[in-house]
Amino acid sequence: MNIHEYQAKELLRGYGMPVPAGAVAHSPDEAREIAKNLGGDVVVVKAQIHAGGRGAGHFIGEPACGGVRLVRSPDDARIAAHEMLGRTLVTKQTGPQGREVQKLYVEAGCAIDRELYFSILIDRGLRRIVIVTSQAGGMNIEDVAAETPEQIHTASIDPTLGLVDYQSRELATQLGLHGRQIGEFSKLVRAAYTAFTELDASLIEINPLVVTKDGGLLALDAKMSFDESALFRHRQLSELRDENEEDPREREASRYGLSYVGLDGTIGCMVNGAGLAMATMDIINTEGESPANFLDVGGGASREKVTAAFNILLSDPKVEGVLVNIFGGIMRCDLIAEAVISACRDVGLKVPLVVRLAGTRVEEGMALINQSGLDAIVATDLGDAASKIVAAVRARRAS
Ligand code: GDP
Ligand code: MN
């Protein structure tokens, strides 16, 4: 689960991370009020969406205007807010459709000397928490890693020792920090590390972490992601969820308790069992197309649940074909067949459908499909199913 910048800053501030003063605004008047209370020469008005690259992004229909605006008066903060709220911001991370801006963060500006990069995440290869820093802050860290890997410094945390201060001091030196900055940086790393472990975070990214003109350190941006499997331990974090930022397909699926993950491919998959679902996605890739989703309808899914799942697949405009792959052990094939037939009638199936059923009540299920008049292609095994759906999708594309 991701949260907004303003939420991440509030959490991290509580752990002792130095962040600028600021508050969230839902209207232009609120933005002016906050700017007035902040005082100072410069105020920054920032679009709150779950995507980075806002500064270099642009609003649809307004190519000159990005998602991070520096203004010099409360009235200008009001104008900037008016220009941003309710509009769609496109960044490298949103894709061309962009994201609607519904909230702004208005914070005190600062005079920047240098922009650094700082993050904490889990390195699955090392099976450790790692800290990543760079003097090339404010930029896309993947680009820095690809083009100038020598500019990236890491420290991995030994789980039996935890964060050790010399690691922070070494990173501080690599970042070109000196004097009191080294102690300040160590405190900041400790704050971030404590937040990371206590809150079961999977990522804390401060980009940029700035050295201000007066030599202090300040987190100008903050991104946090959390391990959803650990959310039950942190009720207060669940409240930070913003459904507006979630994939509408996933939102609908979670309403029915379905294990669904939206992807960018063209073949909708309905499978039972996570392992079989993964295998189905792999084999679609092997055949040269890509899956539109991961979906495990589970063992004891009701007809209602399966119908909902099928509706979600068919409502996705990117879906050019659907592959149903059910190995019925607990799940009954006839129930799946009925749900598929009724969902296809409801939605009006316009794309090729391949059905592969095996296991409990398979004959009854196949008979239902055959008698339904549905234009379904029947497959005998997983390989057969994947090649048939790929062939059907390609034939439709070519016609
Ligand atoms: P992102 O583009 O979504 O990553 O948004 P950021 O919060 O990182 O802001 C983008 C850039 O705006 C930063 O890298 C800074 O260069 C600039 N910026 C943000 N806040 C301030 C500020 O208070 N003063 C100045 N001068 N620049 C700022
Ligand atoms: Mn940033």
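## Helix H1 and the residues around it

In this predicted model, helix H1 is mostly covered, since seven of its 10 residues are buried. The buried residues of H1 are Glu5, Tyr6, Gln7, Ala8, Lys9, Leu11 and Leu12, a list that includes the charged residues Glu5 and Lys9. Just after H1, Gly16 takes a positive phi of about 100°.

Ahead of H1, which spans residues 5-14, the chain has a segment that contains Met1. Met1 has a relative accessibility of 10% and therefore counts as buried, the cut-off for that class being under 20%. Apart from neighbours within four places in sequence, the residues in contact with Met1 are Met224, Ser225, Phe226, Glu228, Leu231, Leu237 and Arg241. Between Met1 and Ile369 there are 39 Å from C-alpha to C-alpha, the two being 368 residues apart in sequence.

## The four-stranded sheet

Four strands make up an open sheet in the order E1-E7-E2-E4, and their pairing is antiparallel. At the edges stand strand E1, residues 22-25, and strand E4, residues 68-71, each of which pairs on one side only. On average, and with direction ignored, neighbouring strands of this sheet are turned by 20° against each other. Strand E2, residues 43-47, pairs with E4 in the antiparallel sense over four bridges, and Val43 has Val71 in E4 as its bridge partner.

Helix H1 packs on this sheet, where it touches E1, E2 and strand E7 (104-108), and the direction of H1 makes about 45° with that of E7. Helix H2 also lies across E1, E2 and E7, and H2 runs at about 170° to E1.

## Helices H2 and H3

Helix H2, formed by residues 28-38, packs against helix H3, formed by residues 74-84, with an angle of about 150° and with the axes 8 Å apart. Because an angle over 145 degrees falls in that class, H2 and H3 are roughly antiparallel to each other. The crossing in which H2 passes H3 is right-handed.

On the H2 side, the residues of this contact are Pro28, Asp29, Ala31, Arg32, Ala35 and Lys36, and they meet Pro74, Asp75, Ala77, Arg78, Ala81 and His82 of H3. By class, the residues of the contact of H2 with H3 divide into six nonpolar, one polar and five charged.

## The three-stranded sheet

Another open sheet has three strands in the order E3-E5-E6, again with antiparallel pairing. Its edge strands are E3, residues 58-59, and E6, residues 99-100, and each of these pairs on one side only. E3 and strand E5 (residues 88-90) run antiparallel and are joined by two bridges, with His58 standing opposite Val90 of E5.

## Val362 in helix H12

Helix H12 covers residues 362-371, and Val362 lies in this helix. The relative accessible area of Val362 is 18%, so this residue is buried. Leaving aside neighbours within four places in sequence, Val362 is in contact with Cys333 and Leu357. The C-alpha atom of Val362 is separated by 9.3 Å from that of Ala337, a residue that is 25 residues away along the chain.

Notes: Residues are numbered from 1 along each chain as its sequence is written. Chains are lettered from A and ligands numbered from 1 in the order in which they are written. This is a predicted model: local features need pLDDT of at least 70, side-chain atom pairs count only at pLDDT 80 or more; totals for chains, interfaces and linings use all residues. Side-chain values use heavy atoms; hydrogens and water are left out. Axes are lines fitted to C-alpha atoms, for helices over the stretch in contact, and angles run from 0 to 180 degrees between N-to-C directions. Angles under 35 degrees count as roughly parallel, over 145 as roughly antiparallel, 65 to 115 as roughly perpendicular and the rest as oblique. A crossing is left-handed if the near helix is turned anticlockwise from the far one by less than a right angle, and right-handed if clockwise. Contact means heavy atoms within 4.5 Å. Buried means under 20% relative accessible area, exposed over 50%, partly exposed in between (1.4 Å probe, protein chains only). Two strands pair if DSSP finds at least two bridges between them.
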